[in-house]
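Let's take a walk through this model, stopping at a few surface patches and a group of aromatic rings. Have the viewer open and follow along.

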Amino acid sequence: MTDAPDGRPRPADQWRHRGVRGLTIARDAGARGWRWWARTWDRLVAALQDEAPVGSAAAPSPSGPLVEQRDAPRLIAVPARGYVYSFYIRATFAWSSPASLRSEVLSWYVQYFQPNAIQRLTRLAADAARDLHPHRAGDLEVALQRALAEDPLWHYQRGDVTLTCRPDATVRLDERIMPALQPHVDRLVKLEYQFDEQIRKARYAEELSRQWATILADHADDHDLADARDHMLTAQREAARWIAELLHQHGEHPPESPPTPRVPPQASSRSLDGE
């Protein structure tokens, strides 16, 4: 290869240098592209497997097994006694696996096994509700929780993968029976309030009597307090005797001829004192 008289390479040599340089650039670009494609392919294959891809960009795996909680897609209806009304059960299932599964894989197995868990819970609820009246939703929930406590973990297996399910359930009344139960529930609420009120009054009276007993014991030598105590006890005995006589006369005389009202003992004593 010779140069032109002016020292520059000939045109054929220039095209030859440009071709060699282009082939070298294409070769280097192809090698870099192949290495990038190989890394991308390895990450794609690892993402489709159960284990996370190994590398500096991989996210740290959470500690412990994954737990996925899912509700039943609809309320579970089981017939009550008489097969006229039903109980409605809201079910929740907590799924986990002792193996190290990715969340996507765990979700797939949960979707596969959840119908079996719903069917099992439905059988338990139907057995417990068969002898219960339709207004006893609380009793059904207690019985169902007791049955779940005896066997709290349900196990399901497909191939080498085992899933653990922890069910939970709450019971609701049939909406058709609520209008019939509401008057009775309102009456029970009112009676419960009255009972609490009477208990508070009784406790207050007991505390007040204890305080008066303490005062009288501390001033046992005071003649005025002793006279007041005796007077109070005498007035109470006279009032009790007067009420007993009224009840006795009411039993002897018919309602058409009521007995002549008598003056209470305290009133008569006051009138005598006034004279």
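For exposure, buried means under 20% relative accessible area, exposed means over 50%, and partly exposed is whatever falls in between (1.4 Å probe, protein chains only). Before we use that, some ground rules: this is a predicted model, where local features need pLDDT of at least 70, side-chain atom pairs count only at pLDDT 80 or more, and totals for chains, interfaces and linings use all residues. Residues are numbered from 1 along each chain as its sequence is written, and side-chain values use heavy atoms, with hydrogens and water left out.

Start with Asp 222, which sits in the loop between helix H4 (178–218) and helix H5 (223–252); helices here are DSSP runs (H or I, at least four residues), numbered from the N terminus. Its relative accessibility is 31%, so Asp 222 counts as partly exposed. Together with Asp 221, Asp 224 and Asp 227, Asp 222 makes up a patch of negative charge on the surface. Patch members need over 30% relative accessible area and no salt bridge, with like charges joined within 9 Å and nonpolar side chains (Val, Leu, Ile, Met, Phe, Trp, Tyr) within 5 Å. A salt bridge, in turn, is a side-chain nitrogen of Lys or Arg within 4 Å of a carboxyl oxygen of Asp or Glu.

There is a nonpolar patch too: Tyr 204, Leu 208, Trp 212 and Ile 215, with about 430 Å² of accessible area together (Shrake-Rupley, 1.4 Å probe, only the protein chains shown counting as cover). Leu 208 belongs to helix H4 and is partly exposed, at 35% relative accessible area.

Now for the rings. Rings of Phe, Tyr and Trp (its six-membered ring) pair if their centres lie within 6.5 Å; planes under 30 degrees apart are stacked, over 60 edge-to-face, and the rest tilted. By this rule there are six aromatic pairs. In one of them, Trp 108 and Tyr 112 have ring centres 5.8 Å apart and planes at 5°, so they are stacked. Both lie in helix H2 (residues 103–129), four residues apart, about one turn of the helix. Tyr 112 also pairs edge-to-face with Phe 113, at 5.1 Å centre to centre and 80° between the planes. Which of these is buried? Phe 113 is, with 3% relative accessibility, whereas Trp 108 is partly exposed at 48% and Tyr 112 is partly exposed at 41%. Zoom out, and Trp 95, Trp 108, Tyr 109, Tyr 112, Phe 113 and Tyr 156 form one aromatic cluster.

Methods. Lys, Arg positive; Asp, Glu negative; His and termini not counted. Charge placed at Lys NZ, Arg CZ, Asp CG, Glu CD. Helix = DSSP H or I, 4+ residues; strand = E, 2+ residues; numbered from the N terminus.
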